[in-house]
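Take a look at the chain shown here.

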Amino acid sequence: MLRSDQQPATRQPPTTVDIPGRCLVPGGAQAACLHADTGLSFWGGVDPGSGEVIDRHHPLSGRLIAGTVLVIPSGRGSCTGSSVLLELILNGHAPAALVFAEPDEILTLGVLVAQQLFGRSLPVASIGARAFAALREASYLRVDNGRVLGFAEPPTDHWHASAASPNDDPPAGIILTEHDRAMLTGAHGKATQAAMQILLRMAELQGAQALVDITQAHIDGCIYTGPASLRFARQLADWGARVKVPTTLNSISVDQRHWRRMGVDAAFGEPASQLADAYVEMGASASFTCAPYLLDSAPQAGEQIVWAESNAVVYANSVLAARTLKYPDFLDICIALTGRAPLTGCHLADRRHATLRIDLPPLAHLDDAFYPLLGYHTGLLCGSEIPLICGLEQATPSLDDLKAFGAAFATTSAAPMFHILGITPEATSVEAALGGQAPRRTLRIRHAELLESWRELDSAESVQVDLICLGNPHFSLSEFAQLAQLCAGKVKHAGVAVLVTCGRAIQRQAREAGHLSVLERFGVQVVTDTCWCMIDEPVVPLNARTLMTNSGKYAHYAPGLVGRQVHFGSLADCVATACSGQAGGRLPRWLDAGLDQGVC
């Protein structure tokens with residue numbers, strides 16, 4: 001019998017699973033398990049203010065990740081996920097812990113920055129694909145320095161989470177030069193020292209044994225996700241940070257020159273503009289484009305670079321044959337400040353080969369809607385594997401087609417590049433693309449599967465369209481020429497707005513070429529500096545209920561970002577809709593013909 005001053009002994013309930021995972025960020029936490037078999041892009045997929053999953057195509061749509069142990073295969077999509085996670089950590093809406101099937105660099109980096117600069121953290125672990133499947137049945141999880149335990153009911157054993165603190169000692173397994181060590185000890189200033197510390201922690205997680213000099217950087221961290229993104233950049237600038245290599249800036253969250261005239265709330269416009277100014281203060285150029293491959297500074301084949309912005313990374317690796325990882329926000333500027341990058345992944349020739357082969361069905365009458373649709377579908381299939389796509393050897397996709405393919409591919413996958421047989425430079429043959437090895441997997445796409453992805457993107461119920469959204473990624477000069485040709489002599493419907501986003505350099509070129517005068521007569525509005533994934537009301541008209549786009553990337557993100565229904569189609573379809581006010585609703589010939597012929 002217990003005395004009155006005694007408490008019943010508590011014990012840990014039976015575990016449903018006990019996994020000795022890999023510790024990516026140390027620490028401990030336990031909470032309800034929130035599990036999904038689909039990767040999640042935190043940018044465009046999670047509201048940085050509340051922690052709600054806003055990706056309307058994701059199985060967790062509408063759920064709150066705050067305070068849970070979030071279990072996903074990996075992140076995917078945007079490099080800005082690290083910035084969104086930092087916002088969530090600092091505003092109290094982050095998960096209690098993250099568990100991945102495979103290590104995710106983008107989200108892990110967000111935690112490392114929170115720990116290194118702001119003294120906040122959460123545990124992160126990876127457990128492998130087989131163990132990941134075992135967590136589906138667990139209701140509660142405990143994460144303790146990489147070890148993951150699953151329970152059917154909340155544990156009551158008075159377990160206490162382990163404390164986590166940053167380790168400033170340089171990793172023993174990475175070769176450092178004297179200059180690297182000087183930066184690490186603060187000889188080049190506090191900003192460079194902090195950047196080197198963060199860089200080396202990521203290099204260690206990536207398994208790099210050395211660092212490599214880079215020739216240029218493209219910064220994605222200039223997107224304003226909330227106060228934390230500005231705090232990070234402002235802190236570096238106040239410490240006297242200066243980039244070591246030529247550095248361009250991604251699209252920012254406002255048209256910096258015109259946001260007041262456009263009616264953007266100063267509570268958002270001012271910090272978003274200040275964030276851009278902070279990076280310019282560090283020595284970056286005010287390029288403000290998500291398509292840096294359209295600039296004169298675009299890299300050459302084999303050039304070692306550091307680019308963030310998911311579509312730019314994929315294009316640089318796949319189409320230009322330059323070499324970059326899919327760098328997260330914050331790590332991009334850390335590398336620009338040091339001029340050094342982890343020598344791993346796609347920086348190495350033998351890590352650029354495809355491991356997945358994808359065979360396409362017979363296709364004919366391809367238009368420009370085919371490539372973003374195929375990129376979107378391919379990304380869903382490959383996860384983090386680099387694919388080789390076979391079956392387009394007789395096609396002649398333009399650089400704009402490859403841009404659209406890559407942007408949609410980067411939206412649904414975590415892979416840093418793709419190969420298309422006979423088209424991309426490192427896929428001159430199957431053997432070259434696969435590095436002389438057999439593929440780990442071979443998949444065959446059917447027309448019916450492409451139709452499913454088409455319906456995911458072209459999902460609006462109403463045929464009436466209020467807004468045409470073009471330029472995600474930013475429009476090229478050739479796209480302006482094509483759009484001007486399609487609009488010439490036509491009359492836009494009075495109830496439809498048409499907006500195109502582009503970089504300042506391309507806007508100047510389009511003006512000089514006479515394309516903008518044609519488009520302005522039609523009623524097209526051009527917005528620079530920002531891009532559709534950052535645009536909200538009032539730039540998106542308040543009365544617009546349904547939009548149409550030719551971008552697979554924006555068709556995916558728009559329902560969650562701006563709460564509108566979306567139609568998807570070719571550029572010609574978008575112009576026809578702008579004139580009639582209604583979406584045509586017909587399938588493209590290349591898809592309809594395959595279904596009619598029963599080609600599966």
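Is helix H5 mostly covered or mostly uncovered, and how many of its 17 residues are buried? H5 is mostly covered, with 14 of the 17 buried. Keep in mind that this is a predicted model.

H5 runs over residues 190–206. From first C-alpha to last it reaches 24 Å, close to the 24 Å expected at 1.5 Å a residue. Gly207 follows H5, and its phi is positive, near 80°.

Now the inside. The largest nonpolar core holds 156 residues. Phe42, Tyr279, Ile333, Leu374 and Leu467 have the most contacts inside this core. H5 gives the most to the core, with nine residues. Another core, of 24 residues, lies apart from it; among its members are Ile468 and Phe522.

Leu467 touches several residues beyond four places away in sequence, including Val496, Trp532, Pro541 and Met548.

The chain is divided into four domains, as listed here.

| Domain | Residues |
|---|---|
| domain 1 | 17–151 |
| domain 2 | 178–349 |
| domain 3 | 353–455 |
| domain 4 | 459–580 |

How far apart do the C-alpha centres of domain 2 and domain 3 lie? They lie 28 Å apart. In the contact between them, 13 residues of domain 2 meet 18 residues of domain 3. Together the two domains bury about 1,200 Å², 67% of it on carbon and sulfur atoms. Val314, Ser318 and Lys326 supply 37% of the area that domain 2 buries against domain 3, more than any other three residues.

Key
Residues are numbered from 1 along each chain as its sequence is written. This is a predicted model: local features need pLDDT of at least 70, side-chain atom pairs count only at pLDDT 80 or more; totals for chains, interfaces and linings use all residues. Side-chain values use heavy atoms; hydrogens and water are left out. Helices (H or I, at least four residues) and strands (E, at least two) are DSSP runs, numbered from the N terminus. The expected span of a helix is 1.5 Å times one less than its number of residues. Buried means under 20% relative accessible area, exposed over 50%, partly exposed in between (1.4 Å probe, protein chains only). A nonpolar core is a set of buried Ala, Val, Leu, Ile, Met, Phe, Trp, Tyr and Cys residues joined through side-chain atoms within 4.5 Å. Contact means heavy atoms within 4.5 Å. Domain bounds come from an automatic or database domain assignment. Buried area is the accessible area (1.4 Å probe) that two parts lose on being put together, summed over both.
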